[in-house]
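Hi,

Here is the structure I promised to pass on.

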Amino acid sequence: MRRSDVTRDDGTWAGLSLDVQDRRQPELCVFSAGPRLLVSQLSRPVLLAVVEEPLQGVDFWRTDEYRSFVPPLRADVGRALSGSPERWAHRFARYLVDAPGSPLHEGRWLLSCESPLQRWRHAATSHAEYWSSMLVEGRPDGYIDWFLHSTSWEVLPLRPMPGPGDSRVKAYRKQAREGTLPPVLLWWVSGLDCHLILDGHARLAAAIAESIEPPLLQLHRTVPRDDLVARIDDAAASYEYELARFAGLRAIHGPTVPDGAATAGPQLARLLRDLHTAQQPTWAWPLPGGEGQWRRTAREVTAGKGWPCA
């Protein structure tokens with residue numbers, strides 16, 4: 001795997017690009033059978049989901065079988081890396097690549113400290129209220145409401161959220177007050193239109209209990225390497241076309257017409273930046289056995305518990 005830092009226009013760090021090769025199917029995998037999804041980790045069902053027609057939301061059943069591939073993060077590590085999302089990203093990248101149960105597969109990914117979740121909070125809403133509202137409720141079943149929360153990209157825990165009295169939450173609350181809380185690792189899954197918590201359930205609970213904005217690292221797919229060169233060439237060609245168009249106008253109407261660089265230049269910069277950071281849809285693999293297998297798995301997981309989607 002190749003890692004490279006991605007920077008903003010002003011040179012500050014924006015994320016870590018991961019170019020993964022020779023990993024055809026991940027160990028934390030999204031399978032699909034029509035409108036039915038199965039998230040499986042090391043062959044264990046983690047999440048069953050049914051997209052509701054006409055695309056208004058998702059019914060889900062969480063098995064609580066998910067296990068984080070990130071080892072426990074010690075307080076001294078939190079202090080050593082505090083305030084540096086860049087160093088945290090490199091550390092989490094090692095776990096994503098080396099530990100079993102990761103969602104990485106071949107292609108390009110981004111680990112970013114920037115998330116749309118951080119832009120939705122109204123100034124008059126406390127962090128505790130906002131982040132509590134972003135959590136999708138449901139144990140073991142629930143509903144992701146696309147109608148009420150369109151494009152807000154909520155957060156779905158893959159295991160029960162611990163309460164404020166949990167021993168891990170108490171320890172992390174101290175780190176939250178000190179400003180050394182490690183980031184919560186999220187994975188944006190387009191088929192659910194929400195984020196799954198890969199690691200940091202207790203850290204998010206601590207941030208909510210202390211009413212602070214939780215530090216985040218968001219994982220999502222970006223433009224594949226084999227498409228990147230072609231798209232860069234297209235962006236450069238579009239830039240050159242615009243300059244040539246303005247040059248033609250200047251030849252006809254004189255030097256009062258601008259040369260076009262003031263508009264075409266920033267547009268090119270935005271296109272190039274998006275090629276390295278923009279979200280791409282999550283890959284889903286066809287479920288072997290199709291819908292019949294999904295229903296068999298659902299009946300086994302929810303036996304006797306009355307989930308109507310099984």
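The structure holds 13 salt bridges, a salt bridge being a side-chain nitrogen of Lys or Arg within 4 Å of a carboxyl oxygen of Asp or Glu. Bear in mind that this is a predicted model, in which local features need pLDDT of at least 70 and side-chain atom pairs count only at pLDDT 80 or more, while totals for chains, interfaces and linings use all residues. Residues are numbered from 1 along each chain as its sequence is written, and side-chain values use heavy atoms, with hydrogens and water left out.

One of the salt bridges joins the side chains of Asp-19 and Arg-2, at 2.9 Å from N to O. This pair links distant parts of the chain, with Asp-19 in strand β2 (residues 13-20) and Arg-2 in strand β1 (residues 2-7), 17 residues apart. For the element names, helices (H or I, at least four residues) and strands (E, at least two) are DSSP runs, numbered from the N terminus. Asp-19 is buried at 4% relative accessibility, whereas Arg-2 is partly exposed at 48%. Buried here means under 20% relative accessible area, exposed means over 50%, and partly exposed is in between (1.4 Å probe, protein chains only).

Another salt bridge is formed by Arg-24 and Glu-106, whose closest N and O atoms are 3.9 Å apart. Arg-24 lies in the loop between β2 and β3 (28-33) and Glu-106 in the loop between α2 (85-98) and β7 (107-112), so this pair ties together parts that are 82 residues apart in sequence. Arg-24 is exposed, with 67% relative accessibility, and Glu-106 is partly exposed, with a relative accessible area of 25%.

Asp-76 and Arg-74 also meet in a salt bridge through their side chains, 2.9 Å from N to O. Asp-76 is partly exposed at 35% relative accessible area, while Arg-74 counts as exposed at 56%.

Leaving aside neighbours within four places in sequence, Arg-36 is in contact (heavy atoms within 4.5 Å) with Phe-31, Ala-49, Val-50, Glu-291, Trp-294 and Arg-295.

Trp-294 brings us to the aromatics: together with Trp-61 and Trp-307, Trp-294 forms one aromatic cluster. A search of the whole structure finds 6 aromatic pairs. Rings of Phe, Tyr and Trp (its six-membered ring) pair if their centres lie within 6.5 Å; planes under 30 degrees apart count as stacked, over 60 as edge-to-face and the rest as tilted. Trp-61 and Trp-307 make a tilted pair, 5.8 Å centre to centre with 50° between the planes. Because Trp-61 lies in strand β6 (residues 57-62) and Trp-307 in the segment after α8 (290-301), the pair ties together parts that are 246 residues apart in sequence. Trp-61 is buried, with a relative accessible area of 4%, and Trp-307 is buried too, at 7%.

The cut-off is NZ of Lys or CZ of Arg within 6 Å of the ring centre and within 35 degrees of the ring normal. The charged end of Arg-203 sits over the ring of Tyr-172, 5.8 Å from the ring centre.

Last, some backbone details. Where are the cis peptide bonds I came across? One runs from Glu-53 to Pro-54, with omega near 0°, and Pro-54 lies in the loop between β5 (44-52) and β6. Another joins Arg-139 and Pro-140, with omega about 0°; Pro-140 is found in the loop between α3 (127-134) and β8 (141-145).

Leu-42 has a positive phi, near 50°, despite being a residue other than glycine. Leu-42 lies in the loop between β4 and β5 and is partly exposed, with a relative accessible area of 38%. Asp-193 has a positive phi as well, near 55°. Asp-193 is in the loop between β10 (184-189) and β11 (194-199), and is buried at 18% relative accessible area.

Cheers
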